[in-house]
Amino acid sequence: MPYINISTSAKIEDKKKILEEISILVSSLTNKSKRFVMAKLDNNSEMFFDDDSPCCFLEIKSIGSLNPSEMAKPISNFVYKKMGIPIDKIYISFEDVPASMWAWNGRTFG
C-alpha cells in the first residue's frame, strides 16, 4: 500500500521501467516506502475518451497520505512524459482506504 493501477489505450514498450518509475513517484508523493508500493499496468486496452486518441485512467489507493490536489499534476506530467498521453486525456481516481480494509502479510493494517 499504496497501489496504483494504470489502464491506457497506448502501447507501452518498456512496461517494467514505467512500473518502477511510477512506484518511485507515488512513494515520494505519499512519503511511503517504495517497498510497499504495488503498481499494475494494462496497456493497449480498448478505451475511448472523446475520440480514438490515446488516453489513460489511473486509480491510486492508499491508507492515508493522499493529497489529490498536490499529486494530480506530477502524476499527469509523468504519464505525458513517459507515455505521450496528453494531460487532457488522463483521469485519476484517488481513494483513501481505511486501515481495517487493507491487508498485507496475512493481516489488516488496522
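Of the 21 residues in the largest nonpolar core, I6, L58 and V79 touch the most other members. A nonpolar core here is a set of buried Ala, Val, Leu, Ile, Met, Phe, Trp, Tyr and Cys residues joined through side-chain atoms within 4.5 Å. Buried means under 20% relative accessible area, exposed means over 50%, and partly exposed covers what is in between (1.4 Å probe, protein chains only). At least two residues of this core come from each of β1, α1, β3 and α2, and α2 gives the largest share, 5 residues. Helices (H or I, at least four residues) and strands (E, at least two) are DSSP runs, numbered from the N terminus.

Before going further, please keep in mind that this is a predicted model, in which local features need pLDDT of at least 70 and side-chain atom pairs count only at pLDDT 80 or more, while totals for chains, interfaces and linings use all residues. Residues are numbered from 1 along each chain as its sequence is written, and side-chain values use heavy atoms, with hydrogens and water left out.

Let's return to L58. Setting aside neighbours within four places in sequence, L58 is in contact (heavy atoms within 4.5 Å) with I4, N5, I6, I75, V79, I90, Y91, I92 and S93. There is also a second, separate core of 5 residues, and Y3, I63, V97 and W102 are among them. As a general background, nonpolar side chains tend to be buried together in soluble globular proteins.

Now follow helix α1. Its 16 residues should span 22 Å at 1.5 Å a residue, and the end C-alpha atoms are 22 Å apart, which agrees; the expected span is 1.5 Å times one less than the number of residues. The buried residues in α1 are I18, I22, S23, L25, V26, S27 and T30. An α-helix has 3.6 residues a turn, so residues three or four places apart point the same way. In this model, the buried residues of α1 pack against β1 (3–8), β2 and α2. Just after the helix, N31 takes a positive phi of about 55°.

The charged side chains come next. A salt bridge is counted when a side-chain nitrogen of Lys or Arg lies within 4 Å of a carboxyl oxygen of Asp or Glu, and by this rule there are 4 salt bridges. One of them joins the side chains of K82 and E21, at 3.1 Å from N to O. K82 lies in helix α2 (residues 68–83) and E21 in helix α1 (residues 15–30), so this pair ties together parts that are 61 residues apart in sequence. Both partners are partly exposed: K82 has a relative accessible area of 34%, and E21 has 22%.

Another salt bridge brings together the side chains of D42 and K40, at 3.6 Å from N to O. D42 is partly exposed at 30% relative accessible area, and K40 is partly exposed at 37%.

Is K89 buried or exposed? At 8% relative accessibility, K89 counts as buried. K89 forms a salt bridge with D51, with the closest N and O atoms 2.8 Å apart. This pair links distant parts of the chain, 38 residues apart: K89 is in the loop between α2 and β4 (90–96), and D51 is in the loop between β2 (38–42) and β3 (56–62). D51 counts as partly exposed, at 31%. Leaving aside neighbours within four places in sequence, K89 is in contact with F49, D50, D51, S53, P54, C55 and C56.
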